[in-house]
Amino acid sequence: MIKNYKMIRILTLILFAILFNSCKKPIIKDTNNCSTNYNDTSSLHPQNSQLKDLLNKYKQLGLPGISVYIANTKGSWIGSTGSADIANGVNYKPCHVQKVASLTKMFIGALLFKLIEDSTNTGLGYLSLSQPINKWIPEKFLKGIANADKITLAQCLNHSSGLYDVIKDNEFYLEVLNDPTKKWGPDDLLKFVKNKQAVFDPGAQYSYSNTNTLMVSLVIDFATGKPHHLWLREKILNPLNLNNTFYQHHENLPSNTAQGYFDLYQNKKPVNVSNYVTGSGSGYTGLYSNVYDLHKFLHAFLVDKTVVSTKSLQAIQTTGATDISDLNLGLGIMRRFQNRGADFGWGHTGRDLGYSADLFYFPARNASVTWCINYGSDAESFLKPKILAFQKELIDIVLQ
Amino acid sequence: MINKLKIIVLILTFPGVTAANNIYFNIGNNHSSVPFKRFSKLIYSNFHPVYELGKTFDLKEKPNWTWFQTVNVGYFKHRFVQSAIMIYSENGINKKIVNGTSANVKLGAGYMHAFTAPEIVQQNAAGDYEIKSDYGRPQILLSLSFGIEQSIIKNVSNGPKISLSYQIRVQTPYVQSYVPLLPYNVLKFGLIFPLHDKKL
C-alpha cells in the first residue's frame, strides 16, 4: 500500500512538472519601432494629399495598420497609418514587416523558373513543367493523394491540378488552434489532403488551392536535393537585396514584425492572431516582408524583367480562365482586375490569418500598387468589404 | 446565465442524491481535435493543462454497477487560444470489472466561461484601436467520458482509487457563424478519495 502511495506521489509530481513546463513561447513578440534611410519624396507626388486622405479614411473605417508603396507616371509614393502593435502603441510604418501570405506563391513561382534556367545544376528544365509531380516527390508524400500520378508541375503552378485545398479542411484548423505556433512540415499538411476527392480532373478547370504551391516547394526540394527555402534566399532574396524579407520557420522574424489581427469572434472586436501559423514555410505562405522589399521584387520581376528570362516570363504569364470574372491564373502569378479592360494587373493577392497584402503591376499604365494591412484573413468579417473597397479605391487613384 | 445556474442547482438538489460518495481531483491534457482522433498525441505533445475538482453522488447502487451523478469545477489553459473555468455535471454508470477495477461512462453538460488568450482590441470614437478588457465569453459545455478506476488498496473496493479517463468535450458556440462547435479531446489522470468508509 505504501509502495502504491509513493508511486502516485511520483506520478503526480511528474505530471505537474510536464504540465507547467508545457507553455510554448510566442513567435511574434512585441513589435519594435523601425526606421529607414529611404529617400522619401512622397510629399512631392501630385496625388500626395489624395493618398493620405485614403489611408486616413480606411484607418477610420477600422483597418488596424496600413502601409502603401505606389509607383505611377507621376512618381512614387510611400505612406502608412494606424498601428503595428496596438497593445504597445507602436505606429505602423512602411519599414514594418508583416506576413504577406500568398504573395509567397509569386516568389516560389519566380524561384522555380530561376531553377529551370539553371538546369545543369538543378536538373529541372522547361520540359519539367509538363511532367507529373510524382517524378520527383517520393511515394510516401503522395500516397492517398488523388491523381498524384497525373498532376503536372505546371498544373500546380496555375491551379489546374484539382488538388483539395489543405486550408479548407476543418481538421487542419483544429490543428492550427491546438498548436498555433506549430512548425508545419509538408507531411503534417498533406495528411489533411490524403484520401480526399479531387476537386476536378487535372487540367479540366482552374481552382485556387494552397496545396498546389506546397507541391511545387516539394518538387524543388526533391528535384534539386536542396530545400526550397535555401534556394529562395540564394536565387531571389539575396541577389535582389531583399533584406527585410524573411521566410517563417526557416528564418527568424525581426523585432519590427507587426502584430496581426482578425475579428475571430465576429463581434467587431479583433483579436491578436499573430501567433496562429497556418502552414508557413511550405511554399504557399510564410513570407514576411515590407512594402519596400515587395515593390523592389515586383519592379525587378515585371518591370525591369531581370529576375527571370523573357522565355520564363512568357511561360509565367500564360494564363487559363477561371470562373471568377476578373481573375486568370498564370504560373505562380495572377492576372487580376480584368474588369478594368486594358488596365488589368499582374501580381498576386495575399490573405492569411492576421494579415493581408497586394502586389500588382499594371503594364498598360506602367504603374504598380503594393500594400500591406495587418488584418486578415479572407474569411467573412466586418472588415473584409473595407479591404476590398480600399483595394479598389487605391487602384482607382494610382491609375488616374 | 440565471437559467444555467438554476440547472446546476437543480442537479445538485436532485431527489435521488442522498449520499456524497467520493471526491476526486483530475489533471490532464486537452487538445482541440476531432473526437476519437489523434488520441496518442494527448500523451506526448502540446500540453494544454486541465485541472478538475469533483464530487460523485450515488443515485442507485447494485452489486456490480452504480448509477451516479457528478459535479465538477475545472480550469483549463490553451496557450495562445483561451483559458476557461468550467462548472458541469455528469450522469453516468460505473460497472465493476474485476475486484478493485471498474469502468465508467458519463454524459455531461454545464457552463464554461472562456477568456481569450491574445489581446482583444476595439476601435474608439477617435478611430484608434485600444485594448479591450476581456470579461470572458459564456459558453455551453457538453461532454462524453470513458474511464477506468483502480483501487489503490488491495481487496478494499471503497478505498482511494486512481483513475484514467478520456473525455470528448464540446464547447459551443466558439464562433457563432463558422465554428459553432469546438471539440476537445481530453485525457485525465485522477485521484479519488471516498468520503464514507462504508465497507472497510
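User: How do helix α3 and helix α9 of chain A pack, at what angle and how far apart are their axes?

Analyst: In this predicted model, α3 (residues 103-117) and α9 (residues 210-224) of chain A pack at an angle of about 30 degrees with their axes 10 Å apart. Axes here are lines fitted to C-alpha atoms, for helices over the stretch in contact, and angles run from 0 to 180 degrees between N-to-C directions. Helices (H or I, at least four residues) and strands (E, at least two) are DSSP runs, numbered from the N terminus.

User: Is that roughly parallel or roughly antiparallel, and what is the handedness of the crossing?

Analyst: α3(A) and α9(A) are therefore roughly parallel to each other, where angles under 35 degrees count as roughly parallel, over 145 as roughly antiparallel, 65 to 115 as roughly perpendicular and the rest as oblique. The crossing of α3(A) and α9(A) is left-handed, a term used if the near helix is turned anticlockwise from the far one by less than a right angle, with right-handed used if clockwise.

User: Which residues meet there?

Analyst: From α3(A), the residues A:K105, A:I108, A:L112 and A:L115 meet A:T213, A:V216, A:S217, A:I220 and A:T224 of α9(A); two residues are in contact if their C-beta atoms, placed from the backbone, lie within 7 Å. By class, this contact of α3(A) with α9(A) has five nonpolar, three polar and one charged residues. In that scheme Ala, Val, Leu, Ile, Met, Phe, Trp, Tyr, Cys and Pro count as nonpolar, Asp, Glu, Lys and Arg as charged, and the others, Gly among them, as polar.

User: Before going on, how are residues, chains and ligands numbered or lettered, and what pLDDT do you need?

Analyst: Residues are numbered from 1 along each chain as its sequence is written, while chains are lettered from A and ligands numbered from 1 in the order in which they are written. Since this is a predicted model, local features need pLDDT of at least 70 and side-chain atom pairs count only at pLDDT 80 or more, whereas totals for chains, interfaces and linings use all residues.

User: OK, zooming out, how many helices and strands are in chain A?

Analyst: Chain A has 13 helices and 14 strands. Its radius of gyration is 22 Å, close to the 21 Å that the globule rule gives for 400 residues, so chain A is as compact as a globular protein of that length. The radius is taken over C-alpha atoms, and the globule rule is 2.2 Å times the number of residues to the power 0.38.

User: And what share of each chain counts as buried?

Analyst: For chain A, 52% of the 400 residues count as buried, and for chain B, 32% of the 200 residues do. A residue is buried if 20 or more other C-beta atoms lie within 10 Å of its own, exposed if 12 or fewer, and partly exposed in between, with C-beta atoms placed from the backbone.

User: What does chain B consist of?

Analyst: Chain B has two helices and ten strands, and from the N terminus on its elements run α-β-α-β-β-β-β-β-β-β-β-β.

User: Where do the two chains touch, and how many residues are in contact?

Analyst: In total, 34 residues of chain A are in contact with 32 residues of chain B. On the chain A side, α1 (2-20), α2 (48-60), α7 (170-178) and β7 (271-272) each supply at least two residues, and the largest share, five residues, comes from α1(A). The residues of that side divide into 19 nonpolar, ten polar and five charged.

User: What about B:F80, where is it and is it buried or exposed?

Analyst: B:F80 is in the loop between β3 (65-78) and β4 (82-98) of chain B, and with 21 C-beta neighbours inside 10 Å it counts as buried. Phi of B:F80 is near 70 degrees, a positive value in a residue other than glycine. As background, most residues other than glycine have a negative phi, and most peptide bonds are trans.

User: Which residues does a cis peptide bond join?

Analyst: A cis peptide bond joins B:T172 and B:P173, with omega about -5 degrees, and B:P173 lies in the loop between β9 (161-172) and β10 (182-194) of chain B.
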